[in-house]
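Visitor: I would like a close look at one part of this structure. Please pick a packed pair of helices and take me through it.

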Amino acid sequence: MPSGLSRRLFRFKGGVEPDTHKAESSLTPIGKAPLPSRLILPLHQSVGACATPCVRVGETLLKGQRIGNADGWISAAVHAPTSGKVVAIEDRPSAHASGLPTLSVVIEPDGLETWVERAPLDVTARSPDEVRKALRDAGIVGLGGAVFPTHAKLTAAKSTAIDEVVINGAECEPFMSCDDLLMRERAEDVVRGASIFRDLLEPKRVLIGIEDNKPEAARAMRRAVEALGFDFEVVVVPTRYPTGAAKQLIRVLTGKEIPSTRRSPEMGVQCFNVGTAYSAWRFVALGEPLISRVVTLTGNVESAGNWETLIGTPFEEFVALGRPKPDTERFLMGGPMMGFEIPDLSAPVVKACNCVIAASSSLFPPPPPEMPCIRCGACAEACPHELLPFELYRFSRAQKFDKAVELSIDECIECGCCAYVCPSRIPLVQYFRFAKSEIDARRKEKAKADATRARIEQRKAREERLKAEKAERLAAAAVKTSGAGGGDGADAAKKALIEAAVERARLQREAHPPKNPETPASVEAAEKTPDPAVNPGDATR
Ligand code: SF4
Ligand code: SF4
């Protein structure tokens, strides 16, 4: 369907329509944030394994040089955003609600911005696997906030025929406008990035979804698609939070409901944020790894806007660009619906950081005291994942985590719709985050205990096997010795040999029990169980 013609749209269940507050930060062009005095690069900046450092303290670095190697397939590399010297590799406060320190490379810039040697990637001369590996080594991850390694999303979909690649320009969070400005100003590069994903996944169509509160971005993207001669569809969708969540946008654009037990590629769809497409193109066209991103700075500031910001810039230097008003009390990372308070402003801007909001009590008045749940059901009506938030709240509060799991708390994307509509002003998402972190900790504990138990059982089995083999050897030797003489001694030795063989067979049976052919359902269920480490991008933008 040519760009511009209308496509049938679908609705997702639930959702809310908060004030968008986007105009404040979207009136000026994207600025370039200055080089900070220090850059702090956490090595864990993607879903999956933490990158492993490949530089030493005291080493001189070039801009774009790799400082952390991806550790395995679900991981992504980290690079120096400028030239300078490594002054520390140590734990530093992180841009996370917990504020817990994370292993980081600290760089003192030399101010020269000397680039490492860069070369475009000729994707036509490379195999798809080589392109995916190159994207991993360039540190390309989902920039909508999910930071799932992009190459792995391209890999995850490899075995399934893909009908649609969805490029997510919905940007539904209030206050946030980084994707809007990116599409307005750099539409052609975003579209070219989408063409890389198209070439790797070979879908039937590419759909670019943009909420109808960003008409300028939609026009720019349409112009770019036409200028480049692609057959991508730019589809304007109604503004309704959380349309920018992957499952919701997929539903709106294609009508497909992704069940909680399945991942979107299994349903023939894969989704990427516009910022991700842009950074993939920068890497392919210019050889630039992911070292900067556009970040919205807004809220209680004199000068709201969007800044191309080096990853690793300390928040304290970044927020100064907006000149926060004197009554600013705190800063949020992300939007007001899904974001969190930055606990320590010495933490750095990371790849997941799309927006920083200066908050004051006039902008975000303190919530009235929490009241008891009146079981009105408003939260359930607003939940886009059709959960029962009031029940999840009840079990989370009572620390009955098994019950919360039974009610699919894992499916909660922490979108905040339920809390937004709750007349009792219950901070539901905070309860769910607490419950999820407890559930996660218990699962890790259990996995550790299971692994220890398995190791002990394996050792025991090995010891018993060695014992049985020894007995068998001794019995065989006895048969040999007594065989020469014949009589009762030979019979006893043969008996011992048979007993040893029987014992060995028993141990083998115990170590490798036959599969029960009557339980195929359990196998099927295990195969269908989603692995959240493989596609959390379904749950976020
Ligand atoms: S909206 Fe609030 S008060 Fe109503 S059922 Fe949900 S949690 Fe209870
Ligand atoms: S925060 Fe979770 S429970 Fe609440 S509306 Fe969103 S998905 Fe549903």
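Guide: What follows is a look at one helix pair, then at a few backbone details. The model is predicted. Two packed helices are described by the angle between their axes and the distance between the axes. Take α3, residues 178-201, and α6, residues 274-286. Their axes come within 7 Å. They cross at roughly 65°. The crossing of α3 and α6 is left-handed. Which residues of α3 and α6 make the contact? From α3 come Asp179, Leu182, Met183, Arg186, Asp189, Val190, Arg192, Gly193, Ala194, Ile196 and Phe197. From α6 come Val274, Gly275, Thr276, Ala277, Tyr278, Ala280, Trp281 and Val284. By class, the contact of α3 with α6 has twelve nonpolar residues, three polar ones and four charged ones.

Now the backbone details. The peptide bond from tyrosine 241 to proline 242 is cis. Its omega is near 5°. Proline 242 sits in the loop between β11 (233-237) and α5 (246-254).

Glutamate 113 is not a glycine, yet has a positive phi of about 55°. This residue lies in the loop between β8 (102-109) and α1 (128-137).

Serine 408 belongs to the loop between α10 (401-406) and α11 (417-421). With a relative accessible area of 29%, serine 408 is partly exposed.

Note on methods
Residues numbered from 1 in each chain as written. Chains lettered and ligands numbered in written order. Predicted model: local features only at pLDDT ≥ 70, side-chain atom pairs only at ≥ 80, totals over all residues. Heavy atoms only, no water. Axes fitted to C-alpha atoms, helices over the stretch in contact; angles between N-to-C directions. Helix = DSSP H or I, 4+ residues; strand = E, 2+ residues; numbered from the N terminus. Left-handed = near helix turned anticlockwise from the far one by under 90°. Contact = heavy atoms within 4.5 Å. Nonpolar A, V, L, I, M, F, W, Y, C, P; charged D, E, K, R; others polar. Buried < 20%, exposed > 50% of the residue type's maximum accessible area, 1.4 Å probe, protein only.
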